[in-house]
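Student: Could you take me through one part of this structure closely? I would like to understand the place where two chains meet.

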Number of protein chains: 4
Amino acid sequence: MQDNTTTLAELIKLVDDFVAERCWEPFHDPKNLSCSIAIEAAELMEHFQWLRSDQLDSVRDDPRTMDQIREELADITAYVLSFASTMGIDVSSALMEKMHKNASKYPADKFRGRFR
Amino acid sequence: MQDNTTTLAELIKLVDDFVAERCWEPFHDPKNLSCSIAIEAAELMEHFQWLRSDQLDSVRDDPRTMDQIREELADITAYVLSFASTMGIDVSSALMEKMHKNASKYPADKFRGRFR
Amino acid sequence: MQDNTTTLAELIKLVDDFVAERCWEPFHDPKNLSCSIAIEAAELMEHFQWLRSDQLDSVRDDPRTMDQIREELADITAYVLSFASTMGIDVSSALMEKMHKNASKYPADKFRGRFR
Amino acid sequence: MQDNTTTLAELIKLVDDFVAERCWEPFHDPKNLSCSIAIEAAELMEHFQWLRSDQLDSVRDDPRTMDQIREELADITAYVLSFASTMGIDVSSALMEKMHKNASKYPADKFRGRFR
């Protein structure tokens, strides 16, 4: 599986099958999953907790840390997709619509290089 | 765009183009993006903050809340994909490998219906 | 030290001295500390991640889990106090003023047993 | 109320009375409160989301932002104290013991100016 060829539906099936094989659906309610996304997000953030902005490039050159970061990002993604599945949300169309909304809120010519 | 036909690479391009058109790359460093994922995860969690487990089904029947939840999930996804892009992580293969690792850690026959 | 007799200033001094003895002030900038509060909050939340509302009472009867929870709460508190110290915020007066504001926003007779 | 003279017990009573006057105890279970701490922590973090390390000093000079930060810190504190109250945790002794544990883990002479 690679980002160039894998659809969201295939990734969601991967996660849903894992949950179903263990009968974990009762645990995967939307409240628990939103907590889980936040918990994994915090674990990702932990890798940058004490780094100054000018020290961040060094992380990319540390293979062991990059492996851990890759796993944390996978964990977040798994819970995001499980949440989408249990709530019947189509992630692709939700993202596309939100990016359009953001584009109206932040016109490129007015917000080039700044947020406000 | 729909989950059945949209690849991760297409969604990542959607987010990358949005960032590039506004020259926001300097803001999208991995520390800021990990904070952003956590912030949006907290906003998703807020919708369930005071609900008991037995009240969660009602959320699915409330279209206005569902719209907001869908937008929060899109925000999380946008930051996850931007993080993957800036760190050169292939989300699909990272997720597949993590699910295999989880499958070894939690064999289905030993963890059916329970975590420990 | 006990809550009945210990002032906030005494606890802040405890944390400030620990930081100063290690010359960790440069790490304790407000951004890093806000990340740290969020990270420790997630670790506290992890103890309740998969529990339904009706299973929460059991946690109080599990001394090992209670010890861990107590430590997570101490970690959060340490970072809250370090944040207050570095930003020159008086926690007691900030809390008192916020509770007054909340009392105006949620008059007791209108919000008895409900949030909205 | 000021940090120099206010005990933890006085602050906890302030929060407990607020909750009791509204009969909100059923909402203030440990899971919901741990979510609430994480949610307010994210709101605090939001004020630093896009700032580089070298831009943080400017925040202290912005009275409007400082007021908001002060309120977020008060919100976190309120939930920390409510959590401690509902779980029967003495915050002062928990913090003191954790700082002693940290002092053993990070001897000052070995960890001066660094974490590892």
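Tutor: Let's start with a term: a salt bridge is a side-chain nitrogen of Lys or Arg within 4 Å of a carboxyl oxygen of Asp or Glu. One such pair joins the side chains of Arg70(A) and Glu97(B), at 3.0 Å from N to O. Between chain A and chain B the count is six salt bridges.

A word on the source: this is a predicted model, where local features need pLDDT of at least 70 and side-chain atom pairs count only at pLDDT 80 or more, while totals for chains, interfaces and linings use all residues. Residues are numbered from 1 along each chain as its sequence is written, chains are lettered from A in the order in which they are written, and side-chain values use heavy atoms, with hydrogens and water left out.

Now the whole meeting place. Counting contact as heavy atoms within 4.5 Å, 74 residues of chain A touch 74 residues of chain B. About 7000 Å² is buried between these chains, with carbon and sulfur atoms giving 68%; buried area is the accessible area (1.4 Å probe) that two parts lose on being put together, summed over both. Arg70(A) returns here: with Asp3(A) and Leu95(A), Arg70(A) supplies 10% of the area that chain A buries against chain B, more than any other three residues.
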